[in-house]
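Work through the exercises below with the sequence and the model at hand. Try each task before reading its solution.

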Amino acid sequence: MKRSLVALFSLLFIAQLWAQEGTIRGFVYEENSGEPAMFTNVILQESKQGTVTDVNGFFNMSKVPAGDYTMVVTYIGYDSLVVPVTVLPGKIVNKKLYLKESSIQLDVVQLSAERQEMKTSVNTSVVKLTAKAIKKLPSIGGEPDLAQFLQVIPGVVFTGDQGGQLYIRGGAPIHNMVLLDGMILYNSFHSIGLFSVFDTDVIKTADVYTGGFSAEYGGRVSSVVDVKTRDGNKKRLAGKVAASTFGAKLLLEGPLFKQKENGASSSFIISSKASYLNQTSKKLYSYIDENGLPYSFTDLYGKMSFTGSDGSKFNLFGFNFKDDVLYSDIANFSWNSTGFGSNFVIIPGGSTMLVEGNFAYSNYDVEQTSSNTKPKKSSIGGFNMGLDFTYFLQGDNKIKYGLEVLGFGNTLSFYAPSGVHVKHNDNTTEFAAYVKYSYVSPRLLLEPSVRLHSYTSLGQSSFEPRMGFKYNITERLRIKGSGGIFSQNLIAVATGREVVSLFQGYISSVTDLPALANGDKRANYLQKAKHAIVGVEFDLTEKIDVNVEVYSKDFGQLINLNRNKLYESNQSGIPDELKKDFIVETGLAQGIDFLVKYNDVRTSLWVVYSLGKVTRTDANETYSPIYDRRHNFNFVASRILGEDKSWTVDMRWNYGSGLPFTMVQGSYENLQFDDGIDTDITQTNDELGIIYADYNTGRLPAYHRLDVSVKKTIKFSKTSIMEATIGVSNVYDRKNIFYFDTAKYTRVNQLPFLPSLGINWTF
């Protein structure tokens, strides 16, 4: 009885203490545009309790003792905001705050928000980008682009200016999850690798997770690129017009209706960009090819945003992206991607919780034709939706959990190197649930998470525990690490024989695989990987940051096209390795990445070096995949010049050691005997057959290139700015290989010395 009374009084005492605390939460916006002010410091002076706003400008401070406080909001380039706040027991205080641009620009480097996030977020194997960071790269073609910046990130291998393929720490393009406002994109890079489908002026953030990502992301075994777009200007009609020797762009944004007295607002933003390089290059770059450069693309994106008086928000968006490559004598390649979706943020009135959700549908069609080979076609389309809940605890501690559902259908028509036709048609649905806990103390940060992902078409599920940590040894030195288990169902189809492969087909739910060594059927048809990453962060000075990470990705099971297929799948008496459409492989990617960053008011430097090794092992051999680049080095510099800071010089030099490829030993006429024994071989003219050397035992020459651009900024007024940019790609005209037609023994190089001129007007 006494114990029960003690327990009861203890609970009452704890409840009383809880009742003496309250919560402060709200949003911080930029006054001129109404856009969220991301990563803004919010501090209570009297208690020293503080936090940083997220990408929505949202902040939350729970378990604040009741009383009167002075809340200070600070952000680089904006006037500090001082707001009195009264916290009542058991109550939630909601604030909606607006920051004004500072009228006095001090030549002082303030990286407090970024440094603070380093100390309070695990951030292992993640690079967080904004539009401002992307614009510090050389503006080749007149406009900076996310595709160009991704090539600088540690552990990333690109196939160069032509090809648009992204390989991240040993993963193939199919192993990368690319998200646009929560929507899955199946191809986000144009064939001319200088450009992605994303308009830099629309990007709010781009988070690149090169491995070890938490359980809120799933369905891929290597990496995640999570792009979020900003809302349109909620105050006035604004926009941007741009034109260059490569293409043109138009952006318009503004309020849908006048902002209401209660603070509710709405906006729109429309972006369109197109390349006409296939036309202008005939006149400007006639030294390349009399037919001009064969690239053209069109990207359209639109978004409407509605924000309530309490900060809750609802967005609608849609897009259409197109790409064409017309090498008439070698290959024609084209793809078309369309999609629409919505996402929302809800702030429940009586709970310290944030609710987020999304729904989207996208479709991707791709085709490659050639005069020497049969056409390759692939199509994939489907929906994905999710619902996430973030519950805020004391300080920066929080719990996030959510549900995801996605479904898609896919078709494929493809011819294996042997000439055997591979066809696939499938529909699949996936369900997932996850929970992530973030613990933040002055020195130790822990981020355990777990994901349960169900692949219904395969009748299989994957339980995926993951962990991230960081320990602040000193104010300047931190160690960190992450790892876990990852899975996916989606599979890419490419021959792997080409020096550069433009075509990549998509399929899922492959179960017709070779049997195990003892003849038993496989129990697991999922692709699986385990990641282990450790690293060190060191703030060498107030301006120099050093980051070193060592990683290992163990791909326990990967499914790939069977390049050794010679017979139809239903033929009896033939080993599985010679008749199945697909094979099972294992893989290992290991390496070390170095990143040194220098930032001050006028200068920005990135020095990046990656050393890595990637291998794949099938039933017959261990080999190097086509993206096994052992050495990769990037040097990026940006310098602002002039007393009025109106000149900017940007440069980037990239070096990459040679990529593997399969050498050709000879050729023959590949007779198909379509009429059986009645085939007249003296009159038949079939396809050319190729005799290859051992798979990927050759190495291409090293890739290197220097890009430089100079930009002049002219300010007519606070809202009217013109920029003129002169850029040069491949300054010293390095001959980097792009494509090799083995049938005609014809080599196509990547872009040569290529000057460009661009001008844009922001209003």
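F27 is buried, at a relative accessible area of 3%; buried means under 20% relative accessible area, exposed over 50%, partly exposed in between, with a 1.4 Å probe and protein chains only. The model is predicted, so local features need pLDDT of at least 70, side-chain atom pairs count only at pLDDT 80 or more, and totals for chains, interfaces and linings use all residues. Residues are numbered from 1 along each chain as its sequence is written, and side-chain values use heavy atoms, with hydrogens and water left out.

**Exercise 1. Find the ring that pairs with F27 and classify the aromatic pair.**

Step 1. Apply the rule: rings of Phe, Tyr and Trp (its six-membered ring) pair if their centres lie within 6.5 Å. Planes under 30 degrees apart count as stacked, over 60 as edge-to-face and the rest as tilted.

Step 2. The partner is Y29, with 6.0 Å centre to centre and 15° between the planes. The pair is stacked.

Step 3. Check burial. Y29 is buried too, at 6% relative accessibility.

Step 4. Widen the view. F27 and Y29 belong to one aromatic cluster with F58, Y98 and F392. The structure holds 25 aromatic pairs.

**Exercise 2. Work out which parts the pair of W335 and Y364 ties together.**

Step 1. Place the residues. W335 lies in strand 20 (residues 331-346), and Y364 lies in strand 21 (residues 353-369). Strands (E, at least two residues) and helices (H or I, at least four) are DSSP runs, numbered from the N terminus.

Step 2. Conclude. The pair therefore ties together parts that are 29 residues apart in sequence.

Step 3. Check burial. W335 is buried at 3% relative accessible area, and Y364 is buried at 2%.

**Exercise 3. Describe the surroundings of M353.**

Step 1. M353 is found in strand 21. At 16% relative accessibility, M353 is buried.

Step 2. List contacts, meaning heavy atoms within 4.5 Å. Leaving aside neighbours within four places in sequence, M353 is in contact with R25, I346, P348, F389, T390, Y391 and Y401.

Step 3. Take Y391. M353 and Y391 are 38 residues apart in sequence, yet 4.6 Å apart in space, C-alpha to C-alpha.

**Exercise 4. Is D707 buried or exposed, and what does its side chain reach?**

Step 1. D707 lies in strand 41 (residues 703-715). D707 is buried, with a relative accessible area of 4%.

Step 2. Define a polar contact: a pair of N or O atoms within 3.5 Å. Within protein, one must be able to donate a hydrogen and the other to accept it, and residues adjacent in sequence count only if both atoms are side-chain atoms.

Step 3. The side chains of D707 and R705 are joined by a polar contact of 2.6 Å. A polar atom of the D707 side chain also lies 3.0 Å from the backbone nitrogen of N730.

**Exercise 5. Locate H175 and follow its contacts to R616.**

Step 1. H175 sits in the loop between strand 10 (166-168) and strand 11 (176-180). H175 is buried, at 5% relative accessibility.

Step 2. Not counting residues up to four places away in sequence, H175 touches R220, V221, S222, S223, Q488, Q527, L558 and R616.

Step 3. R616 lies over the face of F555, at 4.9 Å from the ring centre. The criterion is NZ of Lys or CZ of Arg within 6 Å of the ring centre and within 35 degrees of the ring normal.
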